[in-house]
Amino acid sequence: MYDSKLKSEDLDRLFTAVLSLESLEECYMFFEDVCTISELMSISQRLKVAALLKEHHTCHDISDTVGASTATISRVNRCLNYGTGGYNKVLDRIKEK
């Protein structure tokens, strides 16, 4: 079982709320209320960077394609290689669909 260093009641409430969403429309409605446009674009960009890194694209290629900074690409790459496995789990699941 994963033991997060960030565990808190507030994060439990947030993640429970996310897990309660039942459609893309509900996701848009919730996340547009909770996050700024910039935050949403940053999160979606990181997921795209992770997907491209898993497909073995180069940092330069990813930067040109997605517009992500090398710092963002490096951070995502570090998470893919040394993180909790969250990116890999999600990317594997959405690839199956």
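This is a predicted model: local features need pLDDT of at least 70, side-chain atom pairs count only at pLDDT 80 or more; totals for chains, interfaces and linings use all residues.
## Salt bridges

Arg13 and Asp10 are separated by about one helical turn, because they stand three residues apart in helix H1.

A search of the whole structure finds three salt bridges. Another of them joins Asp12 to Lys7, whose closest N and O atoms are 2.8 Å apart; Asp12 counts as partly exposed at 32% relative accessibility, whereas Lys7, at 57%, counts as exposed. The side chains of Asp92 and Lys54 also meet in a salt bridge, at 3.2 Å from N to O. This pair links distant parts of the chain, with Asp92 in helix H6 and Lys54 in helix H3, 38 residues apart. Asp92 is partly exposed, with a relative accessible area of 37%, and Lys54 counts as partly exposed at 32%.

## Overall architecture

The secondary structure comes to six helices and zero strands, which gives the pattern α-α-α-α-α-α when read along the sequence; helices (H or I, at least four residues) and strands (E, at least two) are DSSP runs, numbered from the N terminus. Taken along the principal axes, the C-alpha atoms fill a box of roughly 40 × 30 × 25 Å.

Of the 97 residues of the protein, 13% count as buried. Among contacts (heavy atoms within 4.5 Å) with a separation of 6 or more, residues 24 or more positions apart account for 42%.

## Largest pocket

About 2,500 Å³ of space lies in the largest pocket. A pocket is an open set of points on a 1 Å grid over the protein atoms alone, where a 1.4 Å probe fits, with protein on both sides within 12 Å along at least five of seven lines, and lining residues have an atom within 4 Å of a point. Of the 39 residues that line the largest pocket, the closest to its centre are Phe15, Val18, Phe31, Ile43 and Val90.

Helices H1, H2, H3, H5 and H6 each give two or more residues to the lining of the largest pocket, and H1 gives the most, with seven. The lining divides into 21 nonpolar, eight polar and 10 charged residues, where Ala, Val, Leu, Ile, Met, Phe, Trp, Tyr, Cys and Pro count as nonpolar, Asp, Glu, Lys and Arg as charged, and the others, Gly among them, as polar.

## A positive phi in a loop

Most residues other than glycine have a negative phi. His56, although not a glycine, has a positive phi of about 70°. His56 lies in the loop between H3 and helix H4 (59-66) and counts as exposed at 72% relative accessibility.

## Basis of the values

Residues are numbered from 1 along each chain as its sequence is written, and side-chain values use heavy atoms, with hydrogens and water left out. Local features need pLDDT of at least 70 and side-chain atom pairs count only at pLDDT 80 or more, whereas totals for chains, interfaces and linings use all residues.

Methods
Grid points are joined across faces, edges and corners, and a volume is the space filled by probe spheres set on the points. A salt bridge is a side-chain nitrogen of Lys or Arg within 4 Å of a carboxyl oxygen of Asp or Glu. Buried means under 20% relative accessible area, exposed over 50%, partly exposed in between (1.4 Å probe, protein chains only).
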